[in-house]
Amino acid sequence: MPAVPAVPAPAPVEPEYAAPALDKGLDILELLASTSGGLSQAQVAAGVGRSVSQIFRVLSTLERRGYAHRDPQSGLYVLSLRLFDLAHRHDPLRGLLQASAGPMRALADATEQSCSLSVEDAGLSRVVAQVESPGDFGFRVRVGALFPLVESATGEVLRAFRDTVPDARDADLGAVRAAGHVERGDELHAGVIDIVFPVLRPDGSAVAALTVPYVATRVSVSSVDEVVRLARDTASQIAASLFPASTP
């Protein structure tokens with residue numbers, strides 16, 4: 001099991017109005033958000049410095065309200081995309097789609113290939129944006145669609161560029177991180193080559209993954225190598241728009 005990071009201790013300021021249950025819920029959300037992979041109930045309790053009995057009802061409520069997901073087999077808790085859904089109504093997170101819309105449209109127009117943007121959600125990758133090819137041929141996915149992280153090229157990139165370096169024992173993820181992207185045949189659709197680049201935060205972790213499901217035809221306007229180059233540039237452009245470098 002990965003080490004459970006402790007929630008930073010708050011400043012010793014006596015609150016005017018205390019809300020212990022809310023504090024426990026926020027502590028748990030912050031803990032899950034800072035952890036790669038899932039945590040058991042005991043690990044959550046240890047991470048927030050409380051007993052299992054103290055956090056049991058809070059975890060149950062977070063799960064019932066859709067903020068946390070409990071794997072039925074392992075019993076581990078992870079964050080769901082509920083916070084993303086809430087924040088998506090707010091300008092800062094809506095910026096992800098705003099920042100990607102123009103570059104993704106330009107990429108689709110230049111390559112005559114469709115492209116999509118995905119984020120990690122409770123052990124799956126969720127498509128949050130899709131731009132269709134302007135050509136006669138193309139491959140599309142539905143916005144909101146969920147795919148396994150462990151069986152897709154998009155999932156490999158999201159896993160390889162989490163906020164921690166992949167386990168040294170996982171050579172495949174290490175290779176993805178070293179290469180900076182994935183380019184391989186789609187396991188479910190013959191004739192499709194998945195080209196996936198991470199959209200990186202300043203710390204090197206992925207906020208999203210940009211995927212081009214390349215379909216080669218006799219009238220294709222771009223080669224695979226050209227699409228790889230353009231997809232790399234597009235992912236960098238989206239990241240630069242989301243996280244502009246500070247200027248003096």
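Biologist: Is the crossing in which α1 passes α3 left-handed or right-handed?

Modeller: Helices (DSSP runs of H or I, at least four residues) and strands (runs of E, at least two) are numbered from the N terminus, and the pair here is α1 (residues 20-33) and α3 (residues 52-64). A crossing is left-handed if the near helix is turned anticlockwise from the far one by less than a right angle, and right-handed if clockwise. By that rule, the way α1 passes α3 is right-handed.

Biologist: What pLDDT must side-chain atom pairs have to count?

Modeller: Residues are numbered from 1 along each chain as its sequence is written, and side-chain values use heavy atoms, with hydrogens and water left out. This is a predicted model, in which totals for chains, interfaces and linings use all residues, local features need pLDDT of at least 70, and side-chain atom pairs count only at pLDDT 80 or more.

Biologist: How are α1 and α3 set to each other?

Modeller: Axes are lines fitted to C-alpha atoms, for helices over the stretch in contact, and angles run from 0 to 180 degrees between N-to-C directions. The axes of α1 and α3 come within 10 Å and cross at roughly 70°. Angles under 35 degrees count as roughly parallel, over 145 as roughly antiparallel, 65 to 115 as roughly perpendicular and the rest as oblique. α1 and α3 are therefore roughly perpendicular.

Biologist: Which residues of α3 do those of α1 meet?

Modeller: Contact means heavy atoms within 4.5 Å. The α1 side consists of Ala-21, Lys-24, Gly-25, Ile-28 and Leu-29, and what they meet in α3 is Gln-54, Ile-55, Val-58, Leu-59 and Leu-62.

Biologist: How many residues of helix α6 are buried?

Modeller: α6 covers residues 153-160 and is largely enclosed by the rest of the structure. Its cover includes β3 (115-121), β4 (124-131), α7 (171-179), β6, β7 and β8. Among the buried residues are Gly-155, Glu-156 and Arg-159. The count for α6 is eight of the eight.

Biologist: At roughly what angle do the axes of α6 and α7 cross?

Modeller: Glu-156, Val-157, Arg-159 and Ala-160 of α6 meet Leu-173, Val-176 and Arg-177 of α7. The two axes come within 9 Å, and they cross at roughly 85°.

Biologist: How far is the backbone nitrogen of Gln-113 from a polar atom of the side chain of Thr-111?

Modeller: Thr-111 belongs to helix α5 (residues 91-111) and counts as buried at 1% relative accessibility. A polar contact is a pair of N or O atoms within 3.5 Å; within protein, one must be able to donate a hydrogen and the other to accept it, and residues adjacent in sequence count only if both atoms are side-chain atoms. The distance from the Gln-113 nitrogen to the polar side-chain atom of Thr-111 is 3.2 Å.

Biologist: What is the phi of Glu-112?

Modeller: Glu-112 sits in the loop between α5 and β3, and is partly exposed at 33% relative accessible area. Most residues other than glycine have a negative phi. Glu-112 is not a glycine, yet its phi is positive, at about 55°.

Conventions:
Buried means under 20% relative accessible area, exposed over 50%, partly exposed in between (1.4 Å probe, protein chains only).
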